[in-house]
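Here is a friendly walk through one structure, section by section. Please keep the sequence and the 3D view open as you read.

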Amino acid sequence: MRSAIAAHNIDMIYPNVVSPVHALKDVSLEIADGEILLMMGPSGSGKTTLLFVLGGILSPTRGRVVVRDVEITNLDRRQKARFRLKHLSFIFQGFNLFKALTARENVELVLHARGMRARPARERTQRLFERLGMTRQLDRLPRDLSGGEKQRVAIARALVAEPDVVMADEPTSALDAENGLAVTGLLRELARERGATVLIASHDMRIAPFANRIVQLNDGRL
Amino acid sequence: MVVLARKNLFADLPRFIVALCAVIFAVTLLTVQTGIYNGFIRSTSLLIEESTADIWLASKEMAFLEVTLPLTYARLAQVRAVPGVARAEPMILRPALWRGPHDTLNAGRVIGFDPNGVLFAPGSVGRAELRQLSQPYTFFADASQLRALGARVGEAGSIGGYRARLIQLTHGTQSIVSPTFLYTSLETANAYAPSALSFLTPTNEARPAPLTDSDSITFILVAARDRNKLARLKGALERAIPGSRALTKQEMVAMTRSYWLQRTSIGFALTLTALLGLIVGAVVVGQILYVSVSEHLKEYGTLRAIGAADSFLYGVIMRQAVYMAVLGYVPSLILSFLIAAIAADRGVVIQITALTAGVVFVLTLAMCIIAAAFAMQRVVRVDPAVAFA
Ligand SMILES: Nc1ncnc2c1ncn2[C@@H]1O[C@H](COP(=O)(O)OP(=O)(O)OP(=O)(O)O)[C@@H](O)[C@H]1O
Ligand SMILES: [Mg+2]
């Protein structure tokens, strides 16, 4: 099977003036196409840092990251952004919905950023909300949505552009147990339908059953 | 992008209104200043514009409209004899001292012209009304000058020792830099010729004498037979009348305007204040766009994490700047017209032309977009990592 993401010998040192932090130590990791990988580890173990590096948001101090046959560690800032826009998407811990925009507009925005015209963006968003059973929430502002609904909108936003890889950082930490599981289930389902690879960083053990594979990160080491 | 720009901008309404007020302040200031400038410039040459003459013939020493040496009345007949002259009418323009019915003293300019002529009329006064000036020792003046004259319509004071009755008002005819224009018939103007002696010993003839060849006049207004050959006619007039200078209406206007521009430095003063207004507007708009970016840092970070292009982020800020420009411009224009209307009641002409409105709009856009530069700098420097914080 082809690998969606391959990381080779990643070292990440945050160059703090007082004492540099060695957040990732010689991490190598391969994630197969369509795989759902759960990355676990205690707080401060480097989960978020690894997501940043794999997602091209941070450049590692050492090592190479290859996503879909592109060595993103060789790309400059603009090229990385373009690559993310086309192939990757993120689900954030605090949902990161745009407060002033309705659920629908939050999702459409991603399509607009990719250069899609208003009409098809609207239609595609509509279909996805229908699939999520959230048509009633389409025109609500984030402040009028429950936590679970917000995360569903965030998932819709991450998947609407049909990315190759979805990266989620603590997607359930702001949700109660029930919602957390429902939302993770939904993420898995939608990702399967679209053949997307999913990478979840979390210390929430209950997510484990949804993953194909679990890796453990400890003090920057796999 | 459009929705985000609009909604993020309007999300904080009070702040948006502050920004809008700054734009309105700057743009209104700019428009009104430009209007004052236009009005001033136009006002200085109003008298010339009111004439339909193609050419103004004056003494060759003329400095500008109100500072020149006299010609003799005899020149009029000579001008009329020059080929290519369709019509020629004399005009007298002289300093005068007005003494009102309640002893108000005021500096004036007597403007004598032929009420039955066709080459000059003050403002939009009709021919029939003009003929009232044939009554001896009467004059018209602009409505804005009533206070300066200390007289009402129908009341009489004196000019150069002669009785002078204000019989009618004109509107929008007074140059704001000039002494009060007192419009009279040629004969009355001729009688009012300043003479210290006559001022001390008032003479009250029933009717001023018609002009004779030796009387002095100030200009000869000329209508050309062929308006396409003005240059040639000017030459012919100057040759026919030694010591004279012929100027087209446009040249006369330009000469007078440039005199007042240099004399008053008004252009510099107004440009300076308008510029200050623009700077204040730009600073406030820039500050508010910048703060707006700072407050939505996580949102912009999210956009950057998603991989939105710099141009997309710029677009959001740019649109906000354009919203401010457009939404600030419209009320400013309305406000400026209002101010112009109020000023007009007080005799100050603020002239807002289509060109002014257009130029001001471009400057408004430029002001807001330049102001947005700081916010744009900020937004592309946002670290996508803030999205995960
Ligand atoms: N910008 C930074 N500058 C310096 N050190 C950092 C920075 N970000 C993270 N670190 C350090 O790097 C290490 C790994 O942090 P990271 O956020 O990746 O951990 P994590 O596993 O995501 O933790 P958590 O479960 O609390 O989110 C920690 O020691 C942290 O203090
Ligand atoms: Mg983390």
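## A partly exposed tyrosine and its ring partner

Tyr323(B) counts as partly exposed because its relative accessibility is 21%; buried means under 20% relative accessible area, exposed over 50%, and partly exposed in between, using a 1.4 Å probe and protein chains only. The model is a predicted one: local features need pLDDT of at least 70, side-chain atom pairs count only at pLDDT 80 or more, and totals for chains, interfaces and linings use all residues. Residues are numbered from 1 along each chain as its sequence is written, chains are lettered from A and ligands numbered from 1 in the order in which they are written, and side-chain values use heavy atoms, with hydrogens and water left out.

Over all chains, the structure holds 15 aromatic pairs; rings of Phe, Tyr and Trp (its six-membered ring) pair if their centres lie within 6.5 Å, and planes under 30 degrees apart count as stacked, over 60 as edge-to-face and the rest as tilted. One of these is the tilted pair of Phe10(B) and Tyr323(B), at 6.0 Å centre to centre with 55 degrees between the planes. The pair links distant parts of the chain, 313 residues apart: Phe10(B) sits in helix α1 (residues 2-11) of chain B, and Tyr323(B) in helix α13 (residues 310-345) of chain B. Helices (H or I, at least four residues) and strands (E, at least two) are DSSP runs, numbered from the N terminus. Phe10(B) also counts as partly exposed, because its relative accessibility is 28%. Elsewhere in chain B, one aromatic cluster is formed by Phe113(B), Phe120(B), Phe181(B) and Tyr183(B).

## Nonpolar cores

In soluble globular proteins, nonpolar side chains tend to be buried together. A nonpolar core is a set of buried Ala, Val, Leu, Ile, Met, Phe, Trp, Tyr and Cys residues joined through side-chain atoms within 4.5 Å. The largest one has 85 residues, of which Tyr300(B), Leu303(B) and Met324(B) touch the most other members. Helix α14 (residues 354-380) of chain B gives the largest share of this core, 10 residues.

Which residues does Met324(B) contact, leaving aside its neighbours within four places in sequence? Among them are Leu9(B), Phe16(B), Val285(B), Ile288(B), Tyr329(B) and Cys368(B), where contact means heavy atoms within 4.5 Å. A second, separate core of 37 residues includes Leu71(B), Val82(B), Ala88(B) and Leu149(B).

## Around ligand 1

Now over to chain A. There are 14 residues around ligand 1, and Ser43(A), Gly44(A), Lys47(A), Thr48(A) and Thr49(A) come nearest; a residue is near a molecule if one of its heavy atoms lies within 4 Å of it. The side chain of Ser43(A) has an N or O atom 2.5 Å from an oxygen atom of ligand 1. A backbone N or O atom of Gly46(A) is 3.0 Å from an oxygen atom of the ligand. On its own, ligand 1 has 630 Å² of accessible area, and the protein covers 62% of this; such areas come from the Shrake-Rupley method with a 1.4 Å probe, and for residues, only the protein chains shown count as cover.

With 3 residues, α1(A) gives the largest share of the shell around ligand 1. This helix is mostly covered, with 7 of its 8 residues buried. Thr49(A), which belongs to helix α1 of chain A, counts as buried because its relative accessibility is 8%. Leaving aside neighbours within four places in sequence, Thr49(A) is in contact with Met12(A), Tyr14(A), Ala23(A) and Leu24(A). Just after α1(A), Gly56(A) takes a positive phi of about 75 degrees.

## Helix α3 of chain A

Helix α3 (residues 103-113) of chain A is mostly covered too: 10 of its 11 residues are buried. Its buried residues pack against α2 (77-87), α4 (118-132) and α5 (147-159) of chain A, together with α1, α12 (297-306) and α13 of chain B. Just after α3(A), Gly115(A) takes a positive phi of about 90 degrees.

## Two buried strand residues in chain B

Ser59(B) lies in strand β1 (residues 55-59) of chain B and is buried, with a relative accessible area of 3%. Its side chain makes a polar contact of 2.5 Å with the side chain of Glu61(B). A polar contact is a pair of N or O atoms within 3.5 Å; within protein, one must be able to donate a hydrogen and the other to accept it, and residues adjacent in sequence count only if both atoms are side-chain atoms.

Phe139(B), in strand β5 (residues 138-142) of chain B, is buried with a relative accessible area of 0%. The C-alpha atoms of Phe139(B) and Gly301(B) are separated by 75 Å, and the two residues are 162 residues apart along the chain.
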